[in-house]
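Reader: I am new to this structure and would like a close look at one part of it, with the rest as background. Please define the terms as you go.

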Amino acid sequence: SIDAAIKEGKNFCAERIVANFAIDTFKIPKHLFVGDPVELGGDGKPGFICDGCNARELVFERMRAEHDDPSKYCNVAVAAEQDLVVMKSFGNHCDKEMVGDPLTTLSKGIPINDEYAD
């Protein structure tokens, strides 16, 4: 759980929009999120959105079971399950697993019939 991760002294990686959602909804302190990497064009604020990186992949690239630099690395990723599934399908980040239930789900769709497009 998020509370357990915080109590265990873990820190988090996420895309900016996900970090903001987690901060607002679950009251995760901002300082527990790795900042947007300035060296890649980021602004240093919690969550990745930098122009010079693929933020969705960077979430997993910066994840480490153990580390000594919480400004650069995290123990926990807050990310969409499909992002990890896609990365694993290309043989990347196979050492990482989803833990627990999703924090939220979204349903999206597009109309395929003009009668329902209003």
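What share of the contacts in the protein with a separation of 6 or more comes from residues 24 or more positions apart? After that, please look closely at the disulfide that joins C13 to C74, and at what surrounds it.

Author: This is a predicted model, in which local features need pLDDT of at least 70 and side-chain atom pairs count only at pLDDT 80 or more, while totals for chains, interfaces and linings use all residues. Residues are numbered from 1 along each chain as its sequence is written, and side-chain values use heavy atoms, with hydrogens and water left out.

The share is 41%: that part of the contacts in the protein with a separation of 6 or more is between residues 24 or more positions apart. A contact here means heavy atoms within 4.5 Å.

Some background comes before the close look. The protein has 4 helices and 2 strands, and from the N terminus on they follow the order α-β-α-α-β-α. Helices (H or I, at least four residues) and strands (E, at least two) are DSSP runs, numbered from the N terminus. Of the 118 residues in the protein, 31% are buried. Buried means under 20% relative accessible area, exposed means over 50%, and partly exposed lies in between, with a 1.4 Å probe and protein chains only. The protein exposes about 8,100 Å², and carbon and sulfur atoms supply 52% of that area. Such areas come from the Shrake-Rupley method with a 1.4 Å probe; for residues, only the protein chains shown count as cover.

Now the disulfide. The term stands for a pair of cysteine sulfur atoms within 2.5 Å, and by this rule the protein has 2 of them. In the one you ask about, the sulfur atoms of C13 and C74 are 2.2 Å apart. The torsion about the S-S bond of C13 and C74 is -115°, a left-handed link. Both ends are buried: C13 has a relative accessible area of 0%, and C74 also has 0%.

The other disulfide joins C50 and C53, with the sulfur atoms 1.9 Å apart. Its torsion about the S-S bond is about 100°, so the link of C50 and C53 is right-handed. C50 is buried at 5% relative accessible area, and C53 is buried at 19%. With the bonded cysteines numbered in sequence order, the pairing is 1-4, 2-3. As for C94, this residue is partly exposed, with a relative accessible area of 47%.

An α-helix has 3.6 residues a turn, so residues three or four places apart point the same way.

In the segment after α4 lies K96, which is buried at 11% relative accessible area. Leaving aside neighbours within four places in sequence, K96 is in contact with F60, M63, L84 and K88. A polar atom of the side chain of K96 lies 3.4 Å from the backbone oxygen of F60. The limit for a polar contact is a pair of N or O atoms within 3.5 Å; within protein, one must be able to donate a hydrogen and the other to accept it, and residues adjacent in sequence count only if both atoms are side-chain atoms.

H93 is also in the segment after α4. H93 has a positive phi of about 60° although it is not a glycine, and it is buried, with a relative accessible area of 13%.
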